[in-house]
Amino acid sequence: MSTFASSRETTEGRIYSVTGGDWEDVAREIGSAKEERVIVNMGPQHPSTHGVLRLMLELEGETITELRCGIGYLHTGIEKNTEYRTWTQGVTFITRMDYLSPLFNETAYCLAVEKLLNITDQVPERASAIRVLMMELNRISSHMVALGTGALELGAMAPMFFAFRERERVLDIFEMVSGLRMNMAYVRPGGVAQDLPSDALSKIRELVKDLRKNFKDNEKLLVGNTIWIKRTKDVGYLDLPGCITLGITGPVLRATGMPWDLRKTQPYCSYEDYKFDVITADTCDVYGRFLIRMQELEQSLRIIEQACDKLEKLDGAPVMVADKKIAWPAQLALGGDGLGNSLEHIRQIMGTSMESLIHHFKIVTEGFRVPAGQAYAPVESPRGELGAYLVSDGGTRPYRVHFRTPSFSNLQATSAMCEGSLIADVVAAVASIDPVMGDVDR
Amino acid sequence: MSENSEDKGMFGVSGTGDTSGYGGLVRQQVNAGSTPRPYGSYFDDVTDELERAYPEFNDAIERVVVDRGELTLYIKREKLVEVALILRDKLLFEVCLGVNGVHYPQDKGRELHAIYPLLSMTNNRRVRLEVSAPDSDPHIPSLVEVWAGNNWHERETYDMFGIIFDGHPALTRILMPDDWPGYPQRKDYPLGGIPVEYIGATVPAPDERRSYR
């Protein structure tokens, strides 16, 4: 047993730990051993675990008898850190949780802060429409990663290239609007950080046209593809009762035929004004989840178009609440040294009004006070229900910030999906959950 | 928020740091108790249905609070599992979205709170359960038998707050290393961090900076 690094006796018998070496030797020696069970430790550094997910697999031959997840490798203490910053600064932290869909983190958090402030009705229509527009663009870019990496992990290279090409186009829009491609901290309590640039809507419309065409082309690569169907059909099975008891939401739940989408059932940001369909599948498997993500792209495009129409009508309307005691300056401008407060604003606070200067200083350094209480605001992120639970003690900083993240909850389903199946299907099952480890560990 | 705590001063500076002249302000935070009926929305229906389905309602539920369009039921910890089963089976709150903790060190005898957001997909309703335990006896019954998805959430709450969920199949740390000392998200646990050095100046760690409260 030279290939085995060590062995130890446990209550379940002798357990060998394999830590590398030539797999042919390992397989031969395992074959000669009387014991059939093998424990394989997959990750946390593994190309198909979406970051730093560690999977512990107990195998009998190629069949998985038990699977456990090890998480926590990307724990960054975002919830704790946020307690030491003002309510507005908090956005900068929480945008980094689910780094593939930052705008959903920001919107959930800001909706909860607005609920605590009792200003949900005062958030301008234009700000809500911009949030919807940005979130749906973000849903596309996030689904592109899910579909692209999911396909790559099962051996399909081309879909990944195309998916990342489309994602890049969406990130360009983010860069144009917010200055950043990821973690943009664009949504703020009370509205958004700044209005859209003047040529944004025409560029977005152009993008929608291109994406619609490209999605149709991309579909041909995988939808109905025999190899793809063989790898995904009836793999990673999880039915409705399983989803309900495990608290699974998002595409995994909708793949059981349950049309549960918070945008429809409990609308926020005026989603009730937009026409779109909730996509479901009835296969409960990886293929169904894949089809749902594919078709949700078209629904997002529809919402984006409607949001563009809405924004054209609301041109020039405010994007931040009128209450100056809450609203951060939302007239940012791009200067020679990057994005900052507009010269007009600087001229006013520095040149004309002492009170404006004091106010600006106070709101930026001290922040605003939020009445004591607790609030929970859920949004439908690309992965499922993302809920922000906030507690305020009446101060300028959150007393407690907790995020009920879809990746964390959904990742629990890995064991239920994989136990009893083949080891090669683990990768497909995990990819269909689409966990983002930053979202899991926070 | 909880138990008539008060917050003195405007800028949160203790000692002589406050030169604003507003240091004498005292903000009183009063424990409001239960919200008087009617609650509005579907909250009356939920509480009525629960009262009908659960005869021990008055004994088990300490407070019913409706605030900011959300219904919170404060439940005695020894009755949690009973109430949860009735909410799941009779009131059709099929989904529990997990549990998270909040630490209120000033709330003597009820320092640790566990919060369960429930969701009924059938009726499209939400309700929040809140359970408290003293720091000296941080035990709350586990709900993994009722909603299997609470497994990781309870481990996380144990990891971060040290609440022991009795009956959990394997209550171990989940995010922090297994041998980590202390419970990081409690209020008495420092944020930590290291001072940031610049040439000729140092910025202290985030939790040691002077800040507005």
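View 1. Ser381(A) has Gly384(A), in S11(A), as its bridge partner. The model is predicted: local features need pLDDT of at least 70, side-chain atom pairs count only at pLDDT 80 or more, and totals for chains, interfaces and linings use all residues. Residues are numbered from 1 along each chain as its sequence is written, while chains are lettered from A and ligands numbered from 1 in the order in which they are written. S10(A) and S11(A) run antiparallel and are joined by 9 bridges. Strands (E, at least two residues) and helices (H or I, at least four) are DSSP runs, numbered from the N terminus.

**View 2. The open sheet of chain A.** Three strands in the order S10-S11-S12 form an open sheet with antiparallel pairing; two strands pair if DSSP finds at least two bridges between them. S10 and S12 of chain A are the edge strands, each pairing on one side only. On average, neighbouring strands are turned by 15 degrees against each other, direction ignored. H4(A) packs on the sheet and touches S10 and S11 of chain A, its direction making about 150 degrees with that of S10(A). Angles run from 0 to 180 degrees between N-to-C directions, and axes are lines fitted to C-alpha atoms, for helices over the stretch in contact.

**View 3. Strand S12(A).** S11(A) and S12(A) run antiparallel and are joined by 5 bridges. Tyr389(A) stands opposite His402(A) in S12(A). Arg400(A), His402(A) and Arg404(A) on one side, and Val401(A) and Phe403(A) on the other, are all buried (20 or more other C-beta atoms within 10 Å of the residue's own, C-beta atoms being placed from the backbone). Because 5 of the 5 residues of S12(A) are buried, S12(A) is largely enclosed by the rest of the structure.

**View 4. Packing of H5(A) on H6(A).** Helix H5 (residues 125-153) and helix H6 (residues 158-178) of chain A pack at an angle of about 160 degrees, with their axes 8 Å apart. H5(A) and H6(A) are therefore roughly antiparallel (angles over 145 degrees). The contact includes Leu137(A) and Ile140(A) of H5(A) and Phe164(A) and Val170(A) of H6(A); residues are in contact if their C-beta atoms, placed from the backbone, lie within 7 Å.

**View 5. The side of chain A that touches chain B.** The contact takes 38 residues from chain A and 34 residues from chain B. S11(A) gives the most to the side of chain A, with 4 residues.

How values were computed: Two residues are in contact if their C-beta atoms, placed from the backbone, lie within 7 Å. A residue is buried if 20 or more other C-beta atoms lie within 10 Å of its own, exposed if 12 or fewer, and partly exposed in between; C-beta atoms are placed from the backbone. Angles under 35 degrees count as roughly parallel, over 145 as roughly antiparallel, 65 to 115 as roughly perpendicular and the rest as oblique.
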